[in-house]
Amino acid sequence: IIRSLENPSDRVDSVRMRLMAFHILCQSSPDIEELSLVLNEPGLVQDLLDVLYNSEKDCEDLQNLAARALASMCCDRSRQALFLRTLNSGQQKEKFVLFLNSAIKNASHGGNNKENKLLESVLSLISVLSVSNLGCAILSQLGLVQILLTLMKMYPGPQLQIVSGAVRILEALVERDAQVMRAFGEFEGLKIMISRLQRELGLLDNDSIMEDCEPSKRCTAESSSPGVSKLLAKRFLVKSLLRTIALTCYNNGEWTQSRLTFDGESAALPSCLEAIFQQAKDLGSSVFALAATVMGDLLHHDPTCFSKIQSHGLPKAFLSTVQNGVLVTPDTVCCLPSTLVALCLNKDGLKEVKNSKVL
């Protein structure tokens, strides 16, 4: 039907309407029998991928809709297999990797709003796939860890909410697959993410790990957004980074050893925690609570390491923030007693807590 239309713009509009209709159909909890009539159409996934890979000018909106349509289809795990079979066949893996790298490059260097939306939609598709074992295995084969870590090193790079989405994908993959955890270590993932966290907290000006985008090519979409939305995006990114860092900096990546360390690649983590305590009012109670939980977890598992965290000034920064007042939320209500108890497990820590009079 579409090919019978003579006007190219009419063809584009027809494709756009069909993609939107398919996206809405998948999101509307359709009857399985009704949806099967569409999904059983030969070449459906391949057609959507062809639209996604289309590199013609001004087709970003069609690519965006194709990515969202695929993500909607894969939200139901029973429908993921159809997409994963296609992705795992022939040269589809190589095509998908090339497309993802191109989308990241375009969004990071002078990307407009359409290119940022496209990358966000593709990451939504990847995020949906990362929750299943088969999807996680195929994403690992694509070398997704290295691709996403490259995105982490680009500064300022894509919009903060896009980077946050990439961090959440890494967190899901690392938590689910030991092979991904090994790849994360091989590509110095922990060091890269801590460097990104330092950059977001204002602890770094220039760093060899972070790849600065040229000023003339920096993403302008983020600079034009309202200050409140930028602050919320920064809070969410800092929280996502800290969650993933805490998950991945266990001793030797062994899940049986739940003792955090401040050695090696994670040596810069204490300065990040201190900065979070000092910037608690700007970063919000949720980020503050997570940082306090990370410090408390270390002390609960090894109270004798108090001298190590004391040398980094963490107890003083934490208690000073509590003295100045923190926003009372469920997060802070849950973390404060546990963290204070952790500090009091050590004699010197108990003395500091008493002297601060926070109790």
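Me: Is Asp 61 buried, partly exposed or exposed?
Reply: Asp 61 counts as partly exposed, at 22% relative accessibility. Keep in mind that this is a predicted model.

Me: Which side chain does Asp 61 meet in a salt bridge?
Reply: The side chain of Arg 16. The N to O distance is 2.5 Å.

Me: Where do Asp 61 and Arg 16 lie?
Reply: Asp 61 is in helix 4 and Arg 16 is in helix 1, so the pair ties together parts that are 45 residues apart in sequence.

Me: And what about Arg 16 and Asp 13?
Reply: Their side chains meet in a salt bridge too, at 2.7 Å, N to O. These two are three residues apart in helix 1 (residues 8-27), so about one helical turn separates them.

Me: How accessible are Arg 16 and Asp 13?
Reply: Arg 16 is partly exposed, with a relative accessible area of 23%. Asp 13 is partly exposed as well, at 35%.

Me: How many salt bridges are there in the whole structure?
Reply: Five. One of them joins Arg 196 and Glu 200, at 3.0 Å, N to O.

Me: How far apart are Arg 196 and Glu 200 along helix 12?
Reply: Four residues, so about one helical turn. Helix 12 covers residues 189-200.

Me: Which residues end up in one salt-bridge network?
Reply: Asp 13, Arg 16 and Asp 61, through salt bridges that share partners.

Me: New topic. How do helix 4 and helix 5 pack?
Reply: At an angle of about 130°, with their axes 7 Å apart. Helix 4 is residues 60-74 and helix 5 is residues 77-87.

Me: Why call them oblique?
Reply: Angles over 145 degrees count as roughly antiparallel and 65 to 115 as roughly perpendicular. The angle here is about 130°, so the two helices are oblique to each other.

Me: Which residues meet there?
Reply: From helix 4, Leu 70, Ser 72, Met 73 and Cys 74. From helix 5, Arg 77, Arg 79, Gln 80, Leu 82 and Phe 83. Five of the contact residues are nonpolar, two polar and two charged.

Me: Last one. Where is Pro 303?
Reply: In the loop between helix 17 (285-301) and helix 18 (306-311). Pro 303 is partly exposed, at 30%.

Me: What does Pro 303 contact, leaving aside neighbours within four places in sequence?
Reply: Leu 345 and Asn 346. Also, Pro 303 and Leu 343 are 40 residues apart in sequence but 8.0 Å apart in space, C-alpha to C-alpha.

How values were computed
Residues are numbered from 1 along each chain as its sequence is written. This is a predicted model: local features need pLDDT of at least 70, side-chain atom pairs count only at pLDDT 80 or more; totals for chains, interfaces and linings use all residues. Side-chain values use heavy atoms; hydrogens and water are left out. Buried means under 20% relative accessible area, exposed over 50%, partly exposed in between (1.4 Å probe, protein chains only). Contact means heavy atoms within 4.5 Å. Axes are lines fitted to C-alpha atoms, for helices over the stretch in contact, and angles run from 0 to 180 degrees between N-to-C directions. Angles under 35 degrees count as roughly parallel, over 145 as roughly antiparallel, 65 to 115 as roughly perpendicular and the rest as oblique. Ala, Val, Leu, Ile, Met, Phe, Trp, Tyr, Cys and Pro count as nonpolar, Asp, Glu, Lys and Arg as charged, and the others, Gly among them, as polar. A salt bridge is a side-chain nitrogen of Lys or Arg within 4 Å of a carboxyl oxygen of Asp or Glu.
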